[in-house]
Amino acid sequence: MSVMDFADYRLNMRAGAPALAQRSFYLVGLTQGVRRGTRAVAADPRKRLAGVIRAHHPNAVVHDPVDAWDRAHDQAPAEFHRLTGLAAGSDVCVAWLPDQESTADAVAEVQAAHRGGATVVAITGETDDFVVRAFATVVLPDLDAFTDWLHAQAA
């Protein structure tokens with residue numbers, strides 16, 4: 001729970017409001033952002049993923065490591081461990097993996113999320129890839145299937 005989340009929780013408790021269940025989602029992309037440069041990582045798919053998540057889970061916390069890395073890349077080792085820790089502590093880790101290169105880039109994050117007990121959702125056509133088979137809890141072919149999966153989870 002972040003400092004802001006805890007502050008909101010305290011405010012709700014003081015007001016007598018029940019705490020809302022808040023799911024956390026981690027969008028895989030740290031290594032891809034580091035290796036390719038954060039500016040080269042396509043922002044549109046990441047924004048679409050975050051938008052779909054928030055449409056189905058309005059109170060969700062969505063962690064995007066590419067944004068965080070862009071702000072703190074000068075503290076690389078500490079930031080890497082902090083962000084993989086976020087992946088491990090998330091409820092759902094979402095990996096949009098359009099090609100084999102992006103799948104290889106996702107190893108540290110999906111492994112951390114898997115070890116942390118998160119549901120690892122891989123959105124990919126690379127279903128025979130070792131990383132996908134070893135760490136994904138759910139494998140979906142595209143964003144539409146992910147949207148349907150989120151809808152089913154929210155129900």
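What is the average pLDDT of the protein, and what share of the residues score at least 70? The protein averages a pLDDT of 80, and 74% of the residues reach at least 70. Here pLDDT is the predictor's confidence in each residue, on a scale from 0 to 100. The structure is a predicted model, in which local features need pLDDT of at least 70 and side-chain atom pairs count only at pLDDT 80 or more, while totals for chains, interfaces and linings use all residues. Residues are numbered from 1 along each chain as its sequence is written, and side-chain values use heavy atoms, with hydrogens and water left out.

**Overall layout**

The protein has nine helices and five strands. Both kinds of element are DSSP runs numbered from the N terminus: helices are H or I runs of at least four residues, and strands are E runs of at least two. Along the sequence the pattern is α-β-α-α-β-α-α-β-α-α-β-α-β-α. Of the 155 residues, 40% are buried; buried means under 20% relative accessible area, exposed over 50%, and partly exposed in between, with a 1.4 Å probe and protein chains only. A contact means heavy atoms within 4.5 Å. Among contacts with a separation of 6 or more, 66% are between residues 24 or more positions apart.

**Confidence along the chain**

| Residues | pLDDT | Contacts beyond four places in sequence |
|---|---|---|
| residues 1-7 | under 50 | three contacts |
| residues 16-20 | under 50 | four contacts |

**The nonpolar cores**

A nonpolar core is a set of buried Ala, Val, Leu, Ile, Met, Phe, Trp, Tyr and Cys residues joined through side-chain atoms within 4.5 Å. In soluble globular proteins, nonpolar side chains tend to be buried together. The largest core here has 19 residues, and Phe25, Ile53, Val94, Val121, Phe146 and Trp149 touch the most other members. Two or more residues each come from strand E1 (24-27), helix H3 (43-56), strand E3 (92-97), strand E4 (119-124), strand E5 (138-140) and helix H9 (143-154). H9 gives the largest share, five residues. Apart from this core lies another, of 18 residues, including Val28, Ala87, Ala113 and Ala122.

Beyond four places in sequence, Trp149 touches Val92, Thr119, Val121, Val138 and Leu140.

**Two packed helices**

Two packed helices are described by the angle between their axes and the distance between the axes. The axes of helix H5 (residues 76-89) and helix H7 (residues 107-116) come within 7 Å and cross at roughly 45 degrees. H5 is therefore oblique to H7. On the H5 side the contact is made by Phe80, Thr84, Ala87 and Ala88, and on the H7 side by Ala108, Glu109, Ala112, Ala113 and Gly116.

**Two residues in detail**

Tyr26 lies in strand E1 and is buried, because its relative accessibility is 0%. Its contacts beyond four places in sequence include Leu83, Leu86, Ala87 and Glu109.

Asp91 is in the loop between H5 and E3. With a relative accessible area of 33%, Asp91 is partly exposed. Leaving out residues up to four places away in sequence, Asp91 touches Gln22, Arg23, Ser24, Ala118 and Thr119. Asp91 and Gly116 are 25 residues apart along the chain, and their C-alpha atoms are separated by 9.0 Å.

How values were computed
Axes are lines fitted to C-alpha atoms, for helices over the stretch in contact, and angles run from 0 to 180 degrees between N-to-C directions. Angles under 35 degrees count as roughly parallel, over 145 as roughly antiparallel, 65 to 115 as roughly perpendicular and the rest as oblique.
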